[in-house]
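Visitor: Please take a close look at a single part of this protein. I would like the cut-offs along with the values.

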Amino acid sequence: MFFFFVGGVNQQVSQLLKRGAGSCIACGSPADLVEYEKVLKLFFVPVWRWPGKEPAMYCDNCSLFFPWSISPPPDQRRLPESIADVLKCKFCSREVDAEFRFCPYCGSAL
């Protein structure tokens with residue numbers, strides 16, 4: 001006779017503290033300041049929950065939890081106002097909005 005274990009531990013958001021409090025360190029999209037909890041699941045059924053130690057940042061786009069202290073302050077994320085409105089693609093030299101991460105003309109990363 002043998003036994004096998006199907007389960008694991010993952011993190012889940014328990015309470016949203018502040019929406020858009022920083023930016024994700026992986027994808028750059030807005031991240032929320034949250035309280036989280038760790039959940040032990042057995043056969044995909046939650047069995048045990050316990051709270052995280054400190055609030056963390058959570059990115060909805062890539063589902064990443066990361067420490068609050070790593071997120072850059074908002075004033076460092078902004079571009080200088082002289083180039084904030086218009087950027088140029090370094091491959092095709094066309095003007096592109098500062099909000100884009102990829103050039104809409106040639107598809108290269110900005």
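Guide: Ala-21 sits in strand E1, residues 7–23. Strands (E, at least two residues) and helices (H or I, at least four) are DSSP runs, numbered from the N terminus. This is a predicted model: local features need pLDDT of at least 70, side-chain atom pairs count only at pLDDT 80 or more, and totals for chains, interfaces and linings use all residues. Residues are numbered from 1 along each chain as its sequence is written, and side-chain values use heavy atoms, leaving out hydrogens and water.

Ala-21 has a relative accessible area of 22%, so Ala-21 is partly exposed. Buried means under 20%, exposed over 50%, and partly exposed in between (1.4 Å probe, protein chains only). Leu-33 lies 12 residues from Ala-21 along the chain, and their C-alpha atoms are 5.8 Å apart.

Now the wider fold. Of its 110 residues, 21% count as buried. Among contacts with a separation of 6 or more, 42% join residues 24 or more positions apart. A contact means heavy atoms within 4.5 Å.

Next, the surface. Phe-43 lies in the loop between strand E2 (30–42) and E3. The relative accessible area of Phe-43 is 44%, so Phe-43 is partly exposed.
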